[in-house]
Each structure stands twice: as C-alpha cells, then as structure tokens.
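Visitor: I am new to reading protein models. Could you take me through this one?

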Amino acid sequence: MKNKIENITDAAIKDYCEKQKAILPNGFSYDLHPPKDSQHGDLSCNIAFKLAKVTHEKPALIAATTMGLIQGKLGKDSSIEKMVLAGGGFINFYLKKEDLGAVLLEIHKQDKNYGKSEFGKGKKAILEFVSANPTGPLTIAHGRQAAIGDCLARILKFTGHTVHSEYYLNDAGRQMRMLAQSVWARYNELLGMEMPFPEEGYKGDYVREIARDIIEKEKKDSLLKEPEEKAVEYCGLYAVKYLMGSIEEDLARMRVHFDHYFSEKTLYAKNEVEHALKVLKEKGYLYENEGALWFRSTDFGDDKDRVVKKSTGEYTYLAPDIAYHLSKYERGYNMLVNFWGPDHHGYIPRLKAACRALGYSPEAIHIGIIQLTTLFRKGQPVRMSTRAGEFVTLRELYEEVGVDATRFFFVMRRQESHLDFDLDLAKEQSQENPVFYLQYAHARIASLSKYAEQGITTKVDLKLLTTPEEAELIGCLSQFSDYLIQASRSTEPYRLADYLRQVAACFHKFYSHHRVVTENKELTKARLLLADATRIVLRNGLELLGISQPESM
RNA sequence: GCGCCCGUAGCUCAAUUGGAUAGAGCGUCACCCUCCGAAGGUGAAGGUUCCGCGUUCGAUUCGCGGCGGGCGCACCA
C-alpha cells in the first residue's frame, strides 16, 4: 500500500520539477510514513517542505500543486479516500478501511517471512563482537555486547544482508603469556612448590581451578619434570582451551551464534601482518621515524600518526588489527560492524583510519561502543567485586534471571547509553517486566485462538475493522519492516525491542476494549485475523531478539 | 590540556535520523472483570528537552560557546 503511494508521489515530484525547471540535488529524500498523531491520517508526507529547499516556493503552495498532480495520477479504484493539506505543507493521506486492512492478508500469507526486506541487498556484512580475551570467564559487559551483536546479526539477515559473525580471538601476545604464567604458578603452588606469583598475573579463582584441572585430568605432577618454557606453554594452551570452552558454552546458552572464531595467532602463522604492512606501504601510508615504523593515520582524520612496529622490532597491537581488517576486506565484506567496550573508544579513529587506508569507504565502517551495565538489587547497585555472593560473571546473571530477560534487558536501551539492569524486575512475572509484557501478549493470542475453536481464515470483510483501536493496531503492524530497516541502518537493535512494546501495547488496548469472539460471525473472523497477524509480528520480532515465544505462561 | 559519549516528567527511557500539540513504563492519586488470560486496560497529575547564541518554513535532533556527568588520551594489549 505504502509502496503504491510512494510511486505516485515520486512521479508527482518529477512532474513538479519539470514544471519548475528544477533539478533535484543528489541524495534528495522525503518522508512518507504514518504520523505520530492518527488525527493526521494514515500516511503523512513532507515533500512540500523538502521541495521548498529546491525551488524556494512556499511549502503550502507546493503542497497544493503536488496534490493536484497526485490527484491526476490516481486511478478510479484508488485506495486513497482523501488527501488533506495540513500543518502548512504536510500532505496527509487517508486510506480506505478495507485497503488499510489488506496488510493483514499480507501478514498471514508471508507468515514467518513477514517483515523481511531487500534493504540490505548487495551488502556483505561482517560483525565482530564480544571478542573477549580468553583470560577469564565472560562478564556482564561481554554479555551485553553478545546480545546486541547477535540480535543485529539476525536483523541484518532479515533485512536482506549477507551476514557473517566473528569472534576475534586474542590468543597471542603479552596477556596470554601472563595467563600461562599465572596458571603455571598455581600449578606449582598446588603441588607444594615454592614459586612467587607473577606481579600482574590473573588472580581469579578460575586460574587455580584450571591448574587443578591439569593436575587431576591430565598431567598430575609431570609438568615439573619438563623444561619450564615447555611447561608454561602447555599451561597457556590448556588455559585457552579451558576458558574458550566455558565462553562457548555461555554463548550457546545465551543463544548467541558465531560463524567463526578468528585466531590472532593465525595472522602471524600465515605472515599476514607482514602482508598487511606491505599493502599499506605500497599505498604510501607508512614511514620510518626514530627507528620505528609509523602509519600515517592523520591522512584519515586521526589526531596523530600511530606506530605499527616499535623500534625494538615488535609489532604494536594495531599491526595485527590492521591485518585482521585487511582479511575482512580481502574476503569481500563491504560492510564492517564492530562492537567494543567503552574502554576502547579512543581506538576508533585509528582503526577507522586503517580501514579507510585499506580501501573501505567511511559509510561502510560501523564501530559502535556498547556502554556498561550496572546491576541493581532492591534499588541498590550491585558492586562488581569478586567477593562471594556478588555478581561477577555473565553466567551467574542468566542463571538467576533467565536467558529471555537477560537478552531483552541488554538490548532494550540505546547501546551507547549506560544500562541500569534491575534484577528484581527482570525476574518479576508481571506487567512491569517488559519481556513478560511481550510474551504475555503472545500467549494471550495463542490462548484466544484455542478458545475461538475455529481456524484463521483470510476470507473476511476487512471493512468491519473500523474502531480506533483496530486501526491503530493495524497501522502498528504495518510498520514492522520500517522499524527493522531503521534498526539495520543505524545498527541499533533496541529499535526493534521498542517497536515490539508498541505492538503489544496496541494489542492489549484493542483486546480490553473489544471482544474478539462474539455472536457476529463475520466480525469474529475479522478480529481473529487481526489477532493472529499480531501474533505473527510478535513471534517474528521475538525470534529476531532471540527470545522465546510461549503459547502459554 | 586535547578528544569522544551522555544530559528529555520525581525515577528508567522513547521521539520514525530536521517534522505537526515532546511520548511510554515505574512511582503517586482515582477507576474498570457475571464476559475470550486483570501477568491486562482507562483517566488525572507531572516539562524553560542543562543554559545561551546561531542555521531555517520548522531544532530534543544540526553548528558554535558555556555548565554538569562518564570515558579515553602509549613505541600497552
């Protein structure tokens, strides 16, 4: 329905410009969507304001002219009931009821595919998120990144992108050595050997557990007989395997999917770091100064140039990162999405610079910072200390409040704003808990269908759905795809979460005002179709958020 | 000192990326099941959108200058 009207308004703009001998600037666009206030019709259009910038005519005058042009293009059986000029230049379309309701037939027909679009056609997206160093269990901060990244991956697929999600595994470098030495020290300690614990070592209980695991399941005390270098290396490999096992288990239980775990080590093994620097050098972005090798990131808006190879001959962290992003480029991905924690935000300009130097256009690079989460219990912030009985890990969180609530709470706010996570609320099975509010709506409809004791049919008289509550709900359902496109374009899944609350609210409102199953058989059929369409949108939306859709609760 | 993010109802957050009278939930107060799930719904109250200037038909949104809060500023990872 919207598309049809869009075609007509597009054509009207063309005619108008021809008349005025005006040329539209590149990137000209306008809005055509349901207005906030339903008093203003079913679809509202602001072309007059936009064209005013081009031709410098008064918006109201342009609106009058284009309305005339649109009128001329409408067929006899047009779905537009009337057009109204309002607010000094808005053109508001009022559609015929039965055409407005036609979206219900569409929803029923497309079912699991309803909401899909071609928006991302031609885009090959690679998402990088979580990417926690395997030096400890996943934290709540990682959990939020995981939930947001995974939801976005699902949404991008649904809106027509090719999507590949990747976990960048930092399994090389100093932190890994530190982990290995920490485990080695605990191993010795457990066997009663004297050994000082490394100064910056990892002190968490899990390190001792890993050491104990080695003793009990693998090596007993045999590592003591090997050269220390070998023994430490063994501890490191064992620790990574152990911790990655735990991390992968968390992600699986959180329903977070990764297509690939990309190992930093392989970059060195395949000489890809050298290769990446060579590529940059050939493009003329590298130079030497004071014995170090520098990347001229200031060419791409960074504050200062960055060292990629220290005067000692070692690489900085940036070097393998450049190699990793070159690999993304060479694998043909034309849309980059990286989610990082707030401690990395200073790193954005230099990585963006690197990506642009490698050939990415600025619009193709999306680097998002996911802000931290504070847990609240009984209104008080939960301190993230390691003391017993208090939260530290992601696992403790989802085991307490459940995966559905965890995922929903993590994505429901704009990701760059700090999140307050109310544990008591997340567990509450009531209206106040937003995830239950959504699931309740879904369950309510499922229960309703059972009660009605009749199947859903599309042979209904859509003209019967005339009340404001019905119109509002229909309008809401018709915007599913629009919101998904917005979420994709902005790489912000919270928009979907917000939209679904609107859907649920519209449905509850409709439901409490009107009986669905009545003596009037035709009306019952029409309302059942409306309810079922709502169920489909809720189901598809919850699925995209990775949240279950219960038939009963 | 420089850079980035944030500042909207008492609290937690929206506002279709510059659109019409800034909206929800919680909390407060007053209501609605003889009836499909009350795990819902209706109404009231609550605002100088941190302040100022600017850009224009129009600014919560964009620009500049302040104020307040958070974070980052390595030949660390």
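Visitor: What percentage of the 553 residues of chain A count as buried?
Guide: Keep in mind that this is a predicted model. A residue is buried if 20 or more other C-beta atoms lie within 10 Å of its own. By that cut-off, the buried share of the 553 residues of chain A is 38%.

Visitor: How many helices and strands are there in chain A, and what box do its C-alpha atoms fill?
Guide: Chain A has 21 helices and 15 strands. Taken along the principal axes, the box filled by its C-alpha atoms is roughly 90 × 60 × 40 Å.

Visitor: Take contacts in chain A with a separation of 6 or more. What share comes from residues 24 or more positions apart?
Guide: Two residues are in contact if their C-beta atoms lie within 7 Å. Among contacts with a separation of 6 or more, residues 24 or more positions apart account for 74%.

Visitor: Are helix 6 and helix 15 roughly parallel or roughly perpendicular to each other?
Guide: Helix 6 spans residues 140-158 and helix 15 spans residues 403-411. Their axes come within 9 Å and cross at roughly 85 degrees. Angles of 65 to 115 degrees count as roughly perpendicular. Helix 6 and helix 15 are therefore roughly perpendicular.

Visitor: Which residues make that contact, and how do they divide by class?
Guide: Helix 6 brings Gly143, Arg144, Ala147, Ile148 and Cys151. Helix 15 brings Thr406, Arg407, Phe410 and Val411. By class, that gives five nonpolar, two polar and two charged residues.

Visitor: Is helix 5 oblique or roughly parallel to helix 21?
Guide: Helix 5 (residues 102-110) packs on helix 21 (residues 521-545) at about 55 degrees, with the axes 9 Å apart. Angles under 35 degrees count as roughly parallel, and 65 to 115 as roughly perpendicular. The angle here therefore makes helix 5 oblique to helix 21.

Visitor: Which residues of helix 5 touch helix 21, and is the crossing left-handed or right-handed?
Guide: On helix 21, the contact uses Leu529, Leu530, Asp532, Ala533, Ile536 and Val537. On helix 5, it uses Leu104, Ile107 and His108. The crossing of helix 5 past helix 21 is left-handed.

Visitor: Which residue in strand 14 is the bridge partner of Arg377?
Guide: Strand 13 (residues 373-377) and strand 14 run antiparallel, joined by two bridges. In strand 14, Arg377 has as its bridge partner Gln380.

Definitions and conventions. Residues numbered from 1 in each chain as written. Chains lettered and ligands numbered in written order. Predicted model: local features only at pLDDT ≥ 70, side-chain atom pairs only at ≥ 80, totals over all residues. Axes fitted to C-alpha atoms, helices over the stretch in contact; angles between N-to-C directions. Helix = DSSP H or I, 4+ residues; strand = E, 2+ residues; numbered from the N terminus. Parallel < 35°, antiparallel > 145°, perpendicular 65-115°, else oblique. Nonpolar A, V, L, I, M, F, W, Y, C, P; charged D, E, K, R; others polar. Pairing = 2+ DSSP bridges. Left-handed = near helix turned anticlockwise from the far one by under 90°. Buried ≥ 20, exposed ≤ 12 C-beta atoms within 10 Å, placed from the backbone.
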